[in-house]
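Please keep the sequence and the 3D view at hand while reading.

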Amino acid sequence: MILKRYIPLAIVFIVGMTMLASWFIPHAPFGAFEIHATQWFDIIASFAMILGALNLLKVHSLKLIHKKLNWQYSLIAILGFFLTLTFGFIMKGGHYLVLTDVGNTPDAVVQEISTELQLKNNVANNLYITPKIEEGIELKKYYYTQNSAIDFKNRLENVGAIAEVKEVVWGSHLQADNTFFSWLFRNIFTSLSATMFALLAFFVASASYRAFKVRNMEATILLVAGVIIMIGRVPLGVFITNWIPKDSFFSFLRLEILQEWIYQFPNAAGARAIMIGIGLGIVGTSLRVILGIEKSFLGEK
Amino acid sequence: MKKRVIWLKAVLFSIFIFSFAISAELNIDVKVDEAEAEGQLLNMTITGTDADADFKVFKKLGDDGEWIELKNIENLKSKVYVENDISTVLKVSIYDDEGQVISEAISESFTTSAKWFNTSRTIRFIFLLVTAGLVLFYISRAKKKKNIYLRPIAGLKAFEEAVGRATEMGKSVLFVPGIMDLDQVETISGVIILGHVAKMTARYETELNVPVARSIVMEAGREIVREAYMSEGRPDQFNTDMVHYLTDDQFAYAAGVNGIMLREKPAAVFMQGKFFAESLILAETGNSIGAIQIAGTGSQAQLPFFITACDYTLIGEEFFAASAYLGEDPKLLGSIKGQDMVKAGIMIIIMLGVIFESFGAEFFKKIFEIG
Amino acid sequence: MSFGNILGAWVTVFLTLAILSYLYKDNPFYKIAEHLYVGVSAAYWGTIAFWNQVWPNLFGRLWPHIDNPESLNGFNKFWYKLYNGFHWLNGSMFPENGIPGDQTQNLWYIVALFLGLFMLARLIPSINWLGRWSLAYVVGMAAGLRIFGFMSSNVIAQIHGSILPLWGHGLGSALNNLVLIVGTVSGLFFFFFSVEHKGIFGKISRVGIYFLMISFGASFGFAIMGRISLLIGRFNKLIEYSSSQYGYATFILLAVMVITLLVLNIGKKEEEVE
Amino acid sequence: MSKFLENLDKIDRRYIFLIIAIVVMLPLIFPLGLPVEPTNLTIDAFDAVNKIPKDDKVLVSFDYGPSTKPEIHPMAIAVLRHLFTNGNRVIITCLWPDGLFMARDALEQVAHKEFDLKYGVDYVNLGYRPGNEAVIKGITRSFPANFTVDSKGTEIKKIPLMDGMQSLKDVGFIFSLSAGYPGSKEWVQYASDPLKITSSTGVTSIQVNEILPFVKSEQLNGIVAGMPGAAEYEQLLVKNGIHPTIGTAGKSMDAQSIAHLVIVLFIIIGNISYFAKRKKEKKY
């Protein structure tokens, strides 16, 4: 009972209060608490991801094993999962060269490098801040496979230079060019997420066709405000009311001016009311949680 | 030296520090004072020369540190970054055209430290105390006097009706607690509401399906749903996989929930939590399968979609209040009443402020300035 | 054009069209893309979390790189022995003598490590209550963290912004300010729970709703604008990949998908007839 | 006729999808060239960037990912062109993990291919750091403590541009390219407000309503709002002779305009059918 119920409640109270105090007390240990507390959260969340992943695998494996409806697709989900893990933790890619000696014909070497790296006029510009040659110059072009890097290395060695092949270190393989993980990000992840996002354009069109009806006063206001903003902010809107002279009394009826006014005043007022309401709601809920008035999220008993 | 001068804000707690000049011709002077409650920053003011002069500033940390040149100091008033709790000295040297030092000044040693109270946040501290005080006061009153009037919220009444309809049709109830993690108060609120919905599905013996986007939310959701089924005396109906994880990714999650809606065709869809762009995908798909949809969120930008595509929407603060409304605990209801009093106070402050401001008394508005 | 790039273009086009095919109806292409997306993204965010959080911020703080392991003594001597275990398991992920990077040792993170491990205790029924401690930490942290920010910028800053003069700055500004003040106060009144919205209160809250609706309308307008822009972006990509450079990926894959969907559809109709 | 109007309401939504696809696709293939007229807030942003003294270093933060790339990326390109033409040196940070890919693409195109600038001297890409607003708060105090290495893994000490950069206050201007959290709001709250650094921003359309209050209280100098905003910025670059042609945003404005018009037409048709139905219901 104590371990399962009271300690969690005490943790909520102590952590919540300390967090709150850290906003007002810059002195140690409170001052830096916020930064670490959020990082601890990230760490807990990262551990929790293992639970999520296991749950996902369980759900799809069960479908697969029992050959439930659409089990083939579960196989794809599982394969996608492991493919990504492989690129994240086992296969890196991202091979590159470190030039350690330019040999006797530096011009030819520079020529070779600038063709391979597609450098323009000033090779030195792009070779980075020219570290000392003893340390080696990292040629910032990455290759998926070691063979392509060796290929380039051989070409350099043909003109007398000496270079060695290296692989990006763990951690930076997430972001370096031409690693398997970044390939997956660019081609699979990006296209899926960007297209899902683009689907919204279609949904927004069908939603406005179906739901934007002048049923009552509220709906009418919503609709009129929406339409004016939509048309007034694109070139076409300016075009439509261009016939109203800019300096006449009626100039406020020009769509771009009207939309700007709605946007800056009535809209801002409504948005502000919602904002204050949300702020109070969050403050209230947080207080209820910290003070232990709302504790259902920890289970009743 | 560049001429552009950014005049940094003068500081209240300026402490006078003695200085001396090596050169008799130029009487320069370096003054420092602490800039922020967090320490680590000094306000440096150099007087006796102008910004055109060729000057350099050095700092020395500790008694036996070395002089380190501070680069990018272009103004006579500048902020200087130092370490807390180490005595620091600043030195200004002025050079002639040949690069010879013609004049130098050294500040008194100064130690910055983080303070025990950040005075620039006093107003916010008072505001917090008043809010917490009001909430606690009305909670204690609610404990004594049971019946507190709270206006009905249409969307909340529909909760039971939606679950009931799903039961009649023999279909499931889908609950989406938003896409954010439990570090957002909206998600906490959504999970609490999930508990109440789970009690209803337990009572009606209706299938409940809760896909989540965060593992921690999955665990919190399981905990609360289990408790709901226990408290309704239906532990046999509970199954951990009611609350299951899809993925952390926003649109992959949306795609996954979309798939669940299309293939399982739930009769009631609850969307309670923090939402972003995926809200429209969920609400539109839910609409196309003909489910009763009840949404609730504090995400301002997503409210219009919910309002147009869902049957009921809990707007902003209504959503946060919902968890207390559904709880029906007098303490929770009392806290809502307390929150209302804060709201009344805000409205009064705004109107008072408008009157003061209109008559040109600007002090009132200044109280609420936060920097 | 490298093989990686061309393969990438084809994959991109296929997945883009597969998702878009949902607009026609739920179909095998969409299901493939959807399931692939769920699987890939779960592992994607897990990988990101490990390399951006756990590795540098947890392990990096518990076992930062040290130059001279001989100089260690006391607790740290034992502590780095523990690390050698990781190093032994995977030498390239856990290099010798600690995690490289810019962290200094902070043993308080052992608490974070345990809170993380408690979360995993959910897997073992007999100790799964330990997970509640981690949940309690998360909820307490969230509540304490959000109160200040929301009170400060959503409430107090907005009060400050709503205090505007009604006269003395010309008729235009008076009117605009009046709209802002009336809108804010009446909108706020809509959220008042402890009085019945009838009579004069009903009227005020009605005005409030109108202002909320204008704001929702404006948001809707902006949202349409943004969504269309994103669709344009996707179409631009499809147009780019329809060139000969990429082997007319868009045209070919579009044709393949349309034909497949048609065939699938015809097949289904015949089944229904039978 | 009235029957037809009533049935309009029951139209299969796939026809709407198809029409939207066509009206967006066609103007992209066959452009009309509708004139883009810059609005005030975009002009404010342009002027603010234009006024940055030549010697000042500018921080550009890439806080967006691939899903909002069409809206923000054109702004990134336009702003970088503007800054590099001005002769400003640029420091890039990313608060979103995928922001780094975006930054890299933009730099490859503008800094490398168009301007052929020297990395580490004219511009530097510090890359992504986790921690959201904590990162901003951190660099208001110290750059080296938060970014020991740049995105390529080079030590900050060895990068000439970063030599002597103590903290964010050595930066003359902040431009945040933002698609949500963390983004413009955090840059205002934690950096440009406390340190009084002039700043401006480019945001997605959906975010405009959230950021506008900061612009109105002059905490931000102008705002580039969504793809139309980006198109206006591109137009301003052309007008001022900074770049010869408009970019992807400008070229997409025809499609954007027509799509808006078509959606408004949908709304009108939807309402006509709604009224036809209501009239009929009243009759019986």
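Across the interface of chain A and chain D, one salt bridge is found, in a model that is predicted. Its partners are A:Arg186 and D:Asp105, whose closest N and O atoms are 3.4 Å apart. On the side of chain A that touches chain D, the elements giving two or more residues include helix H7 (180–211) and helix H8 (217–232) of chain A, and H7(A) gives the most, with 14 residues.

The size of an interface is often given as the accessible area lost when the parts come together. Between chain A and chain D the buried area is about 5200 Å², with 62% of it coming from carbon and sulfur atoms, while the contact takes 50 residues from chain A and 58 residues from chain D.

Aromatic rings form another theme. Over all chains, a search of the whole structure finds 74 aromatic pairs. One of them joins C:Trp63 and C:Tyr83, which are tilted at 45° between the planes and lie 5.8 Å centre to centre. Because C:Trp63 lies in the loop between helix H2 (28–62) and helix H3 (75–89) of chain C and C:Tyr83 in helix H3, the pair ties together parts that are 20 residues apart in sequence. Both residues, C:Trp63 and C:Tyr83, are buried, and both belong to a cluster linked by ring pairs, which also includes C:Phe59 and C:Phe94.

| Charged residue | Ring | Distance from ring centre |
|---|---|---|
| A:Lys67 | A:Trp71 | 5.0 Å |
| B:Arg151 | C:Phe190 | 5.4 Å |

How values were computed
Residues are numbered from 1 along each chain as its sequence is written. Chains are lettered from A and ligands numbered from 1 in the order in which they are written. This is a predicted model: local features need pLDDT of at least 70, side-chain atom pairs count only at pLDDT 80 or more; totals for chains, interfaces and linings use all residues. Side-chain values use heavy atoms; hydrogens and water are left out. Rings of Phe, Tyr and Trp (its six-membered ring) pair if their centres lie within 6.5 Å; planes under 30 degrees apart count as stacked, over 60 as edge-to-face and the rest as tilted. Helices (H or I, at least four residues) and strands (E, at least two) are DSSP runs, numbered from the N terminus. Buried means under 20% relative accessible area, exposed over 50%, partly exposed in between (1.4 Å probe, protein chains only). A charge sits over a ring if NZ of Lys or CZ of Arg is within 6 Å of the ring centre and within 35 degrees of the ring normal. Contact means heavy atoms within 4.5 Å. Buried area is the accessible area (1.4 Å probe) that two parts lose on being put together, summed over both. A salt bridge is a side-chain nitrogen of Lys or Arg within 4 Å of a carboxyl oxygen of Asp or Glu.
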